[in-house]
Amino acid sequence: MKIPYFPGCSLKTSAKNFEISAISSAKVLGIDFVEIPRWNCCGVVSSLSSDDLMHHLAPVRNFVRVLEMNKTKMVENEKRMLTLCSMCYNTLKRSNQRVKNNPEELESINNFMYREEEYDGSVEVIHYLQLLDEIGFSQMTEKVKNSLENLNVAAYYGCMLIRPKEVGIDDAEEPEIFEKFLSALTAKPVAWNAKKRCCGSYLTVNNKDVVVDLAYGILNDARKNGADLIVTACPLCAFNLDNRQKNVLEKHPDFKTIPVLYFTQLMAIAFGLDEKSFGFELNYIKPNDVLKEKVFK
Amino acid sequence: MPKKIVINDASEEFLRKIIELSGEVITLCDQCGTCSGGCPFVEEMDITPSQLMRKVQLGQQDVLESKTMWLCATCNTCTVRCPRGLDLSKVAEGLRQVVLRQAIDNLDLNNYPKEEIKELPQIAIIAAIRKLTS
Amino acid sequence: MYATKLASLLKQVKPEKEIYIFYTDIRAYGKGFEEYYKKAQTMGIKYIRGKVAELEENPENKKVILRAEDTLSRQVIESEFDLVVLSTGLQLSNSSEKIINFLKLTKSSDGFLQEAHPKYKPVDTNIEGVFIAGTAQGPKDIPDTVAQASAAAARSMVSLAQKEFQVDPMLAYVHPDKCDGCGDCLNVCPKDAIVMNKETGKAEVLEALCIGCGACLPSCSKEALDFHGYTNDQMYAAIQGVLDQKKENETRIIIFADDTCTYRVADAVGIRKMKYSEDTRIIRVPSSSRISPNLMLYAFKEGADAIILGDCVKKSSRFPWSKEMTEKSLEIVNEKLKSAGIDGRRVVFSEFSAGALNYFLNIVNGMAENLKQYERIKETQRKEL
Ligand code: SF4
Ligand code: SF4
Ligand code: SF4
Ligand code: SF4
């Protein structure tokens, strides 16, 4: 299956490990990510004010690219746009919903980018977890080479995957898609409190302390509930939960670190791919020890 | 903060403006406090999210001096819980816009050590700039 | 209030328990309620004005961590409790569904049973002889339930005391001489009011069940089904009447206006002297579904240029099925118009509410405007119908 894929800035920089593990593990399932040519910034963080149309331009331009891909037969009749980063997913999806529900706004955007093809609202933004769910998580189970049955994993949803309701890929208060994913990969999902608590997002830039406190709370909750590691789908969450553990340790010397992985890294591990596609060099807290103990015995 | 609440044309106008910018029927808020109870940043805020709503309801412009709207990270925890279906994150955005549109920024990257900025992922910096600067 | 009650009972037997009640608003509206609330406060029960935002389990001691804002002090409470009791709202019980379906009662948008009129008929339902009381109609306490139940009992006594039961005269009936017993009408009535009389072999309308929508009339191809007050003969005559004086170059729009909504909005428009197309003629009907395809085609044959079928908005209609039934008739009419080469957009169904005057004007004037653009219907086309 060939599907238009939107990487976004993080997957080419701080989250290369997210991209490489996703693409290589998808191949195992017969999914081919076709990177959208000339993609641009998703517009990061959805513009919320009612009169700010300008910031929805960036998403719409990306949708036009997907239409072009269909025209030039890079993909066969596939108007779904696949995202990995939850922030991109959220921003793109919200913009798409907004212009779909407001034809006049879409018209002004179309008029403004008069040199581009018209956007007709036909693209659908989806997250990789949704695609996996649609194909059937059980397909993954068949491909598992390294059993994860001893691994207790805390699935961290954060905000962007499940809120607001119109955008979320699952229930906003009781999501379970991530847990289903984990079970299908033979891992043991742990029940914990902080799975949908905000990591502090971009406040990590100017309110580092706040984010460090939040991370401390989230990581501790995972530990206390018996998790060996945490998985996430967002490069910003990953930074706040993984890299910020350095700062957590400065503040709380007795803190016990916990690895934070992208869910696709866990797929690559379970599918028995070679280490290059794990991309652990970009993980701040290395998962090697716990994996050695619980997976690669 | 001033002790007296003054209701006049200016306060009505302020409320109208925020309603327009946010697209939210702010007068619907019944001050149940659900938003504040679950807000991950409430401890850092000088006024709680529900208090912010109250101040806007009454058109009190001193709300613009509060930190609360700058700390709201649009996590939408309150959005999905508000019994009145209000999206507080949009109200916070409306308030930020009022300030930002006067070309007053809430973030200056020069104030932070270079090494720290370098550590940050691109997504964090762009998001912060988008939200906190004009 | 029931949270206050349970808390008071517990506090009475175990005064050492620390009890907190989180609330959004205290509405102690009944007699003695305020005193009850005060008594609970005297006993030491604490009231916190704030809706609980989050509950979590402390993984270590298994207690419940609760987060809420005390909106009065504007501080967030985060504390552990041994037990959290949810004061959930009341819903209609599942088993009520059975009775509702059996008796064909209607529910209001809050999920409880709908009374016939919120002010004047608070214990009646829209089915004669069926009354409601208590929490079937909406959440209420014991004294209110008893009061309402007494009223319902009294209302039913009125029905029982009569030797004869009087029903609204505007109902469907069958002309036995025209009915051939084909049975086409039997499953049409949403109230199951039409039955086959085994002895006579003819259909019969059970007057106690029929609520007078007229939706069954189009189902009888022999026009043996009829309606008191709006008989087939009367309808044909009314149509002829409004088209009688149509001149050569004039157009005529017929509005079949349902009694409850469309007719009222048209009336209000008239009282306010608001202007709408002079080509309009209004015919009052019990509901739009009463108008059979035959009647509509007859109207076109006799010179009508457009038909608007007006009915109440489905959600608040006495006859919520009317829209669908009318649309079925519309399909048949459209077929016929098409084969005669007449534009199908000349017949529309529209929902009106009695207060939406401008909407009414828009629909009517919009149709008048449109008619100018369509080709005029030729006499030969009319004959084909
Ligand atoms: S949750 Fe909604 S209604 Fe309640 S205080 Fe917050 S904004 Fe107001
Ligand atoms: S959207 Fe803003 S106010 Fe609401 S819970 Fe999140 S940070 Fe707090
Ligand atoms: S459809 Fe008409 S003719 Fe047939 S049984 Fe009913 S009333 Fe009689
Ligand atoms: S008028 Fe309505 S309720 Fe009466 S028999 Fe006909 S369909 Fe049934």
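Trainee: Why is C:C312 called buried?
Mentor: C:C312 has a relative accessible area of 6%. Buried means under 20% relative accessible area, exposed means over 50%, and partly exposed is what falls in between (1.4 Å probe, protein chains only). So C:C312 counts as buried. Bear in mind that this is a predicted model: local features need pLDDT of at least 70, side-chain atom pairs count only at pLDDT 80 or more, and totals for chains, interfaces and linings use all residues. Side-chain values use heavy atoms, with hydrogens and water left out, residues are numbered from 1 along each chain as its sequence is written, and chains are lettered from A and ligands numbered from 1 in the order in which they are written.

Trainee: What makes C:C261 and C:C312 a disulfide?
Mentor: Their sulfur atoms are 2.1 Å apart, and the term asks for a pair of cysteine sulfur atoms within 2.5 Å. That makes C:C261 and C:C312 a disulfide, and the structure holds one over all chains. The link of C:C261 and C:C312 is right-handed, with 100 degrees about the S-S bond.

Trainee: Why does that pair tie together separate parts of chain C?
Mentor: C:C261 lies in the loop between β10 (253-258) and α6 (262-271) of chain C, while C:C312 is in strand β12 (residues 306-312) of chain C, so the parts they join are 51 residues apart in sequence. Helices (H or I, at least four residues) and strands (E, at least two) are DSSP runs, numbered from the N terminus.

Trainee: And C:C261, buried or exposed?
Mentor: Buried, because its relative accessibility is 11%.

Trainee: Why is B:C82 put in another class, then?
Mentor: B:C82 has 24% relative accessibility, so it counts as partly exposed. C:C216, at 7%, is buried.

Trainee: What puts A:M160 in its accessibility class?
Mentor: A relative accessible area of 14%, so A:M160 is buried. A:M160 sits in the loop between β5 (152-155) and α7 (177-184) of chain A.

Trainee: Which residues is A:M160 in contact with, leaving aside its neighbours within four places in sequence?
Mentor: A:S86, A:M87, A:Y89, A:N90 and B:T74; contact means heavy atoms within 4.5 Å.

Trainee: How do you know that β1(A) and β2(A) pair?
Mentor: Strand β1 (residues 2-6) and strand β2 (residues 32-35) of chain A share four bridges, in the parallel sense. Pairing needs at least two bridges found by DSSP, so the two strands of chain A qualify with their four.
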